[in-house]
Structures are given as C-alpha cells and as structure tokens.
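Dear colleague,

I am passing on the structure we spoke about, and below it you will find my notes on what came out of the analysis. Please read them with the model open beside you.

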Amino acid sequence: MKCPCCGSEMEPGGIVTGGVTAMWHPAREFDKQKWKRVVYTDGKAIGSSSVLLSQTRIPDAWYCPNCDIVSGIFKVTNGN
C-alpha cells in the first residue's frame, strides 16, 4: 500500500490494544473535555477482542517508516 502522505511503500501489520476494546468515536464525542470524557456515545468497536488474552487485535493497519505514521481502513465489529 502506498502512503497517503508521501507515496512511499508502507509496511503491512496490525494494532494490538491491551485490556480494552478499541473504539472509533465521531469528533463531537472524541473532542469532549474534562469530566465529559467519562462517558462516550455513538462509538463503533473495531478489531477482535479476547477476554482471555486481555487484548484487542485490529488487522489491516499500515506503517510508513518515511512519515512515521500508521494508517488503515478498519471494519466495524459491532455494526449499527
């Protein structure tokens, strides 16, 4: 995959989170400040969670060593 920023070839890989489900939130929720960050709504889970391993694995993440960024297209796993 080509980097959307610089056009260099990106390295395929994935993201692993520890202990919690990875969630995408719309900007109005993501940008909450102070105590409002305790509760988020309208989230979309991404990746596959394992309670046994206490991790979430998210495939299809690409790393650009030239820009030092991670990019990807992630499938929502709890669809709405």
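Is C64 buried or exposed? With a relative accessible area of 0%, C64 is buried; please keep in mind, here and below, that this is a predicted model.

C64 takes part in no disulfide, and the nearest cysteine sulfur to it, that of C3, is 3.7 Å away. The sulfur of C5 also has C3 as its closest cysteine partner, at 4.5 Å, which is too far for a bond, given that a disulfide requires two cysteine sulfur atoms within 2.5 Å.

Among contacts between residues at least 6 apart in sequence, 56% join residues that are at least 24 apart.

Turning to overall dimensions, the radius of gyration is 15 Å, whereas a compact globule of 80 residues would have one near 12 Å, and the C-alpha atoms fill a box of roughly 40 × 30 × 25 Å along the principal axes. Of the 80 residues, 21% count as buried, and the protein exposes about 6000 Å², of which carbon and sulfur atoms supply 58%.

Finally, on charge, there are 9 positive and 7 negative side chains, and the centres of these two sets lie 10 Å apart.

Note on methods
Residues are numbered from 1 along each chain as its sequence is written. This is a predicted model: local features need pLDDT of at least 70, side-chain atom pairs count only at pLDDT 80 or more; totals for chains, interfaces and linings use all residues. Side-chain values use heavy atoms; hydrogens and water are left out. The radius of gyration is taken over C-alpha atoms; the globule rule is 2.2 Å times the number of residues to the power 0.38. Buried means under 20% relative accessible area, exposed over 50%, partly exposed in between (1.4 Å probe, protein chains only). Contact means heavy atoms within 4.5 Å. Accessible areas come from the Shrake-Rupley method with a 1.4 Å probe; for residues, only the protein chains shown count as cover. Lys and Arg count as positive and Asp and Glu as negative; His and the chain ends are not counted. The place of a charge is taken as NZ of Lys, CZ of Arg, CG of Asp or CD of Glu.
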